[in-house]
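Subject: Structure for your review

Dear colleague,

Please find below the sequence and structure that I am handing over to you. A summary of the findings follows.

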Amino acid sequence: MMLSAWEEIDSFQSTSEYKKFVIYIEKKIERQYAIEIEACQNYNKNEIYGGRWFKDLETKETWRLVEPDFPFKGCWEKVESELGKKRK
């Protein structure tokens with residue numbers, strides 16, 4: 001299995017940083033390095049629900065992007081549940 005080039009982001013420092021990251025991910029989709037997949041509504045790592053889910057097509061890992069919602073600063077994290085791994 002390949003190692004992911006993606007790294008977790010515990011919080012975005014600004015709305016601008018979050019928006020730039022969304023553009024980065026959307027370019028990965030355009031270039032067919034990733035796809036957006038249906039999010040599992042029951043997934044709540046760190047007690048946080050929701051977000052957009054993406055699959056890295058090289059590593060087959062699933063990642064989650066959660067938009068900032070003050071005071072929460074958003075996050076980008078690897079989905080690590082069996083439920084997430086079963087998603088296509």
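**Findings**

The accessible surface of the protein chain comes to about 6,200 Å², and 50% of that surface belongs to carbon and sulfur atoms (Shrake-Rupley method, 1.4 Å probe; for residues, only the protein chains shown count as cover). This is a predicted model, in which local features need pLDDT of at least 70 and side-chain atom pairs count only at pLDDT 80 or more, whereas totals for chains, interfaces and linings use all residues. Residues are numbered from 1 along each chain as its sequence is written, and side-chain values use heavy atoms, with hydrogens and water left out.

The protein chain contains two helices and four strands, arranged along the sequence as α-β-β-β-β-α. Helices (H or I, at least four residues) and strands (E, at least two) are DSSP runs, numbered from the N terminus.

Of the 88 residues, 35% count as buried (under 20% relative accessible area; exposed is over 50%, partly exposed in between; 1.4 Å probe, protein chains only). Of the contacts (heavy atoms within 4.5 Å) between residues at least 6 apart in sequence, 49% join residues at least 24 apart.

Cysteine 40 is buried because its relative accessibility is 7%, and cysteine 75 is buried because its value is 5%. The structure holds zero disulfides (pairs of cysteine sulfur atoms within 2.5 Å).

Glutamine 41 lies in the loop between β1 (34-37) and β2 (52-56). With 58% relative accessibility, glutamine 41 counts as exposed. Its C-alpha atom is separated by 8.8 Å from that of glycine 51, 10 residues apart along the chain.

Yours sincerely
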